[in-house]
Amino acid sequence: IMFVSDKDKFIFFHTPKVAGSSIHIFFKDYYRLTGVERADPSPAIHHMSAKKFLDNNPNKKDYFKFAFVRNPFDRFVSAYSDFTQIRNLNLTSFKDFCKSFPDSEFSADIHWIPQHKLLCDDETIVPDFIGRYENISDDLKKISNIIGFDINIDHHRKTKRKSYKDTYDDESREIIQDFFSKDLELFEYLF
């Protein structure tokens, strides 16, 4: 999912479960998009990696490109909460879900795939700026200074949940740590 401004020459690469809907909606409102312009692109474009998008749109490689990442443990709990509370899927307990996750269809779902698969070309991070969900206010200010207007977001798709650290036990933490090991290393996250 991305937002491209040809007017202001920037691309926001939307990583699911990292405040992307809130940022995306802000841009749609800021540019007063309506109707077809406001609609999300087709799924093939909507979920395209940053590298593939730029390969398909070489004329936009010089645009300022940014994205946000989130601690994979927290992002995983957020996705689970979104699917059980907002999408109303009847999933197993969190622990059982973690146990079956690596071999399930959910592991390939855009809401759970590792962030590096969306934002990197092998080991190289594609966007010019990677903000952190944990530092979103300060990082949005930095981006605002670069693109020339203030980004003020509301929280969309909010769920009720406890801290991710209180959600895992040792076994579930180890499973998720193994699955997202490259994200943890590349974006320098710990439990």
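Modeller: One term before anything else: helices (H or I, at least four residues) and strands (E, at least two) are DSSP runs, numbered from the N terminus. This is a predicted model, in which local features need pLDDT of at least 70 and side-chain atom pairs count only at pLDDT 80 or more, while totals for chains, interfaces and linings use all residues. Residues are numbered from 1 along each chain as its sequence is written, and side-chain values use heavy atoms, with hydrogens and water left out.

Biologist: OK, which strand gives the most to the lining of the second largest pocket?

Modeller: That is β1, with three residues. A pocket here is found on a 1 Å grid over the protein atoms alone, as an open set of points where a 1.4 Å probe fits, with protein on both sides within 12 Å along at least five of seven lines, and lining residues have an atom within 4 Å of a point. Both β1 (2-5) and α1 (20-30) supply at least two residues each to this lining.

Biologist: And what volume does the second largest pocket have?

Modeller: Its volume is about 310 Å³, where volume is the space filled by probe spheres set on the points, and grid points are joined across faces, edges and corners. It is lined by 16 residues, of which Met 2, Phe 3, Val 4, Glu 37 and Pro 41 are the closest to its centre.

Biologist: How do the lining residues divide into nonpolar, polar and charged?

Modeller: There are nine nonpolar, two polar and five charged residues, counting Ala, Val, Leu, Ile, Met, Phe, Trp, Tyr, Cys and Pro as nonpolar, Asp, Glu, Lys and Arg as charged, and the others, Gly among them, as polar.

Biologist: Switching to the sheet, in what order do the strands come?

Modeller: The order is β1-β2-β3-β6, four strands in an open sheet with mixed pairing, and two strands pair if DSSP finds at least two bridges between them. β1 and β6 (129-132) are at the edges with a single partner strand each, so one side of each has no neighbour in the sheet.

Biologist: Which way do β1 and β2 run?

Modeller: They run antiparallel and are joined by four bridges, with Val 4 opposite Ile 11 in β2. The two form a hairpin with four residues between them, and Lys 9 in the turn has a positive phi of about 55°. β2 and β3 instead pair in the parallel sense over four bridges, with Phe 12 opposite Phe 66 in β3. Strand β3 (residues 64-69) also pairs with β6 in the parallel sense, over four bridges, and there Phe 68 stands opposite Gly 131.

Biologist: Are the faces of strand β2 covered or open?

Modeller: Both are covered, with Phe 10 and Phe 12 buried on one side and Ile 11 and Phe 13 buried on the other. Buried means under 20% relative accessible area, exposed over 50%, and partly exposed in between (1.4 Å probe, protein chains only).

Biologist: What about cysteines, how many disulfides?

Modeller: The count comes to zero disulfides, a disulfide being a pair of cysteine sulfur atoms within 2.5 Å. Cys 98 counts as buried because its relative accessibility is 0%, and Cys 120 counts as buried at 9%.

Biologist: Last one: is Lys 162 buried or exposed?

Modeller: Lys 162 counts as exposed, at 53% relative accessibility, and it lies in the loop between α8 (136-147) and α9 (170-179). Lys 162 and Val 77 are 85 residues apart in sequence, with their C-alpha atoms 9.3 Å apart in space.
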